[in-house]
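Trainee: I have not looked at this structure before. Could you show me how to read a few of its features?

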Amino acid sequence: MNKPEKISRQEITPPALYFNRRTFLKGGVLLASVVATGLAYRRLNHTATSVVRTAPIEGLSAAPTNDASGFGVTDAETSLQDITHYNNFYEFSTGKEEVATKAANFNTKGWQVSVEGMVRKPKVFDLDDLLKVSPPEERIYRMRCVEGWSMVIPWVGFPLAKLLERVEPLSEAKYVAFQTLLDPGRMPGQRSEVLRWPYVEALRMDEAMHPLTLLASGLYGHELPPQDGAPIRLVVPWKYGFKGIKSIVKIQLLAKQPRTTWNGAAPDEYGFYANVNPHVDHPRWSQATEQRIGESGRRATLLFNGYADQVAHLYTGMNLRANF
């Protein structure tokens with residue numbers, strides 16, 4: 001397998017090829033994340049993709065890249081073509097190479113996100129207000145799929161903690177739950193019974209408040225395309241990809257651990273925590289190695305996806321085999 005040519009930050013595929021929404025908001029949010037799951041990666045056709053030079057995103061600042069921060073990695077970034085054309089988004093299709101086509105006309109006009117539950121100041125945010133919560137930061141994260149492959153994606157985003165601080169969580173709030181849009185008319189995959197809809201996920205409060213946990217609305221300098229979770233999604237880089245819920249419409253703070261989609265569908269295969277742990281195999285395959293998209297061969301999987309220095313303290317005293 002030949003390594004694809006890396007696309008620089010200044011050479012971005014024209015938005016018309018991918019995006020059907022308004023132009024990227026000033027001060028939008030750039031993020032990187034796993035966008036698909038699968039046992040094997042098939043090379044995609046790059047020949048139809050052209051690139052143009054674009055101006056940097058206005059108002060964007062780079063997060064620290066030193067080892068202590070965990071906000072940056074030195075790995076080569078996955079190409080925009082791969083990130084936007086091999087997607088795991090069952091709301092549109094279970095065929096990973098079909099999602100981009102089926103999501104192409106997804107309309108997010110008038111999008112709102114409700115933040116509610118155990119908070120002092122519940123609020124319904126429209127998208128413009130949501131993206132003004134915190135100055136945008138550029139972050140490049142390793143993201144890993146549970147079936148054994150990974151990507152390195154440049155995002156623009158802001159910490160989820162900044163949004164939660166706005167609504168003032170109550171002390172009784174121990175979990176943060178997320179819900180994807182439920183609209184089979186706009187998301188044809190929801191007409192199937194492959195999963196219980198709407199898609200839901202959750203984090204413990206301390207996980208949600210960790211500075212590595214981001215809300216994303218863009219990648220590679222453009223607004224987030226539909227196939228990657230437009231207009232707003234979660235990124236938790238030390239966990240498997242299914243924790244990164246897409247197209248979020250509701251965030252709810254709760255006292256008790258809520259149901260999550262994959263943990264509910266197959267609890268023996270997908271744990272609530274979903275921390276990357278090479279020592280815990282999936283019942284149907286090993287998690288000890290991974291395939292980096294765009295590379296040949298496999299590499300060793302890192303504990304907490306390489307973010308152990310930043311997040312291991314969250315799980316002190318926990319049995320990470322039982323709490324997988």
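This is a predicted model: local features need pLDDT of at least 70, side-chain atom pairs count only at pLDDT 80 or more; totals for chains, interfaces and linings use all residues.

Trainee: How many bridges join β8 to β9?

Mentor: Strand β8, residues 175-180, is joined to β9 by five bridges, and the two run antiparallel. As one example, Gln-179 has Val-200 in β9 as its bridge partner.

Trainee: What about the side chains of a strand?

Mentor: In a regular strand they alternate between the two faces of the sheet. Apart from neighbours within four places in sequence, Ile-251 is in contact with Val-113, Ser-114, Val-115, Glu-116, Leu-160, Leu-163, Leu-164, Val-176, Ala-177 and Phe-178.

Trainee: Which residues touch the most other members of the largest nonpolar core?

Mentor: That core has 83 residues, and those with the most contacts to other members are Leu-160, Leu-163, Phe-178, Leu-234, Trp-238, Ile-248 and Ile-251. Strand β7, residues 149-159, gives the most to this core, with six residues.

Trainee: How does β7 pair with β14?

Mentor: Two bridges join β7 to strand β14, residues 289-292, and these strands run parallel. Ser-150 stands opposite Arg-292 in β14. Strand β14 also pairs with β15, residues 299-300, in the antiparallel sense over two bridges. There, Thr-289 has Ala-300 in β15 as its bridge partner.

Trainee: Which residue takes a positive phi in the hairpin of β14 and β15?

Mentor: Gly-294, with a phi near 95°; the hairpin has six residues between the strands.

Trainee: Is Arg-142 buried or exposed?

Mentor: The cut-off for buried is under 20% relative accessible area. Arg-142 counts as buried because its relative accessibility is 14%. Arg-142 is found in strand β6, residues 137-144. Not counting residues up to four places away in sequence, Arg-142 touches Val-73, Asp-75, Met-151, Val-152, Pro-237, Arg-292, Asn-305, Gly-306 and Tyr-307.

Key: Residues are numbered from 1 along each chain as its sequence is written. Side-chain values use heavy atoms; hydrogens and water are left out. A nonpolar core is a set of buried Ala, Val, Leu, Ile, Met, Phe, Trp, Tyr and Cys residues joined through side-chain atoms within 4.5 Å. Buried means under 20% relative accessible area, exposed over 50%, partly exposed in between (1.4 Å probe, protein chains only). Helices (H or I, at least four residues) and strands (E, at least two) are DSSP runs, numbered from the N terminus. Contact means heavy atoms within 4.5 Å. Two strands pair if DSSP finds at least two bridges between them.
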